Amino acid sequence: MAVDILLLQETHFVESKVPNLNRSSFGTWYHAPSDTPATKGVSVGFSSNAPFTLHSELKDPEGRYLFLRGELGNLPITICNIYAPNVRTASWLTEVLEKVKLFALGVLVLGGDLNLTMNPLLDSSSRKSAISFKALRAVHTRLRDLPVSDVWRSLHGDDRDYTFFSNSHRSYQRLDCLFISDRNLSNVSSSTIHEISVSDHAPVSFSLSFPQMSSREWTWRLNNTLIDSPSQVDRISTKLREYFELNSGSLMNV
């Protein structure tokens, strides 16, 4: 699975022991380390194909969310990675989504482990949820306020697929979701729930393109100190005399 932007949850990185991942195929990383060992922690990585310039970030001291605001090429974008707790899940999400609303600018990409099913009838094999309908409705309201769309659900209608098996509930659940600004949903061409391999959660991906996004342009400017220094002026003059002397027989008058 080749990706250009990677959102990781439950990394277990702590502030004093965040590994150097910049030598991987993802050359740029941002982290919100966990406040306690072997729990929480979220990270966002960018490959060389996704040139991201950071303008501002907001990270949770406990390591449960990381918000990045900046530019992808020349495209204003906000990327939010969240890892919700398994207690007070809905109320925690409504609080964090309000922070997202205040922080976000440009295209908004929001993803992570929600630790709840957005629609229990479709996203849980048991068709049940431990979260009350009222609490789920509050989360949906916050998402509409952003406003964002659940990418996989938007593209797959009433299909059923899951990202996690809950031993406690003895059911399969779609807990891991990716959202994008409503106005940019048309820029998504596909979304996939992949096989569970490395962790106990299945990776989720989507393909996104912006035809109007151009590559960065670089402006070259002469270093004025080169012509202010007497030694540099002498060196350049000498090189110019040598050039004309060597090419005196081949120059044409115009």
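An open sheet of six strands runs in the order β4-β5-β6-β7-β11-β8, and its pairing is mixed. The model is predicted, so to speak of local features a pLDDT of at least 70 is needed, side-chain atom pairs count only at pLDDT 80 or more, and totals for chains, interfaces and linings use all residues. Residues are numbered from 1 along each chain as its sequence is written, and side-chain values use heavy atoms, with hydrogens and water left out.

**The sheet**

- β4 (52–59) and β8 (148–150) stand at the edges with a single partner strand each, so one side of each has no neighbour in the sheet.
- Direction ignored, neighbouring strands of this sheet are turned by 20° against each other on average.
- β8 and strand β11 (residues 176–181) run antiparallel and are joined by three bridges; V148 stands opposite S181 in β11.
- Two strands pair here if DSSP finds at least two bridges between them. Strands (E, at least two residues) and helices (H or I, at least four) are DSSP runs, numbered from the N terminus.

**The helix on the sheet**

- Helix α1 (residues 89–103) packs on the sheet and touches β4, β5 (65–72), β6 (75–83) and β7 (107–113), where contact means heavy atoms within 4.5 Å.
- The direction of α1 makes about 25° with that of β5. Axes are lines fitted to C-alpha atoms, for helices over the stretch in contact, and angles run from 0 to 180 degrees between N-to-C directions.

**Salt bridges**

- The structure holds six salt bridges, each a side-chain nitrogen of Lys or Arg within 4 Å of a carboxyl oxygen of Asp or Glu.
- K40 pairs with D35, with the closest N and O atoms 3.2 Å apart. K40 is buried at 12% relative accessible area, while D35 is partly exposed at 43%. Buried means under 20%, exposed over 50%, and partly exposed in between (1.4 Å probe, protein chains only).
- R174 forms a salt bridge with D123, the closest N and O atoms being 2.9 Å apart. R174 lies in the loop between β10 (171–173) and β11 and D123 in helix α2 (residues 120–123), so this pair ties together parts 51 residues apart in sequence.
- R174 also meets D150 in a salt bridge (2.7 Å, N to O). D150 is in strand β8, 24 residues from R174, and the pair links distant parts of the chain.
- D150 counts as buried at 12% relative accessibility, and R174 does at 1%.
- Shared partners join D123, D150, R153 and R174 into one salt-bridge network.
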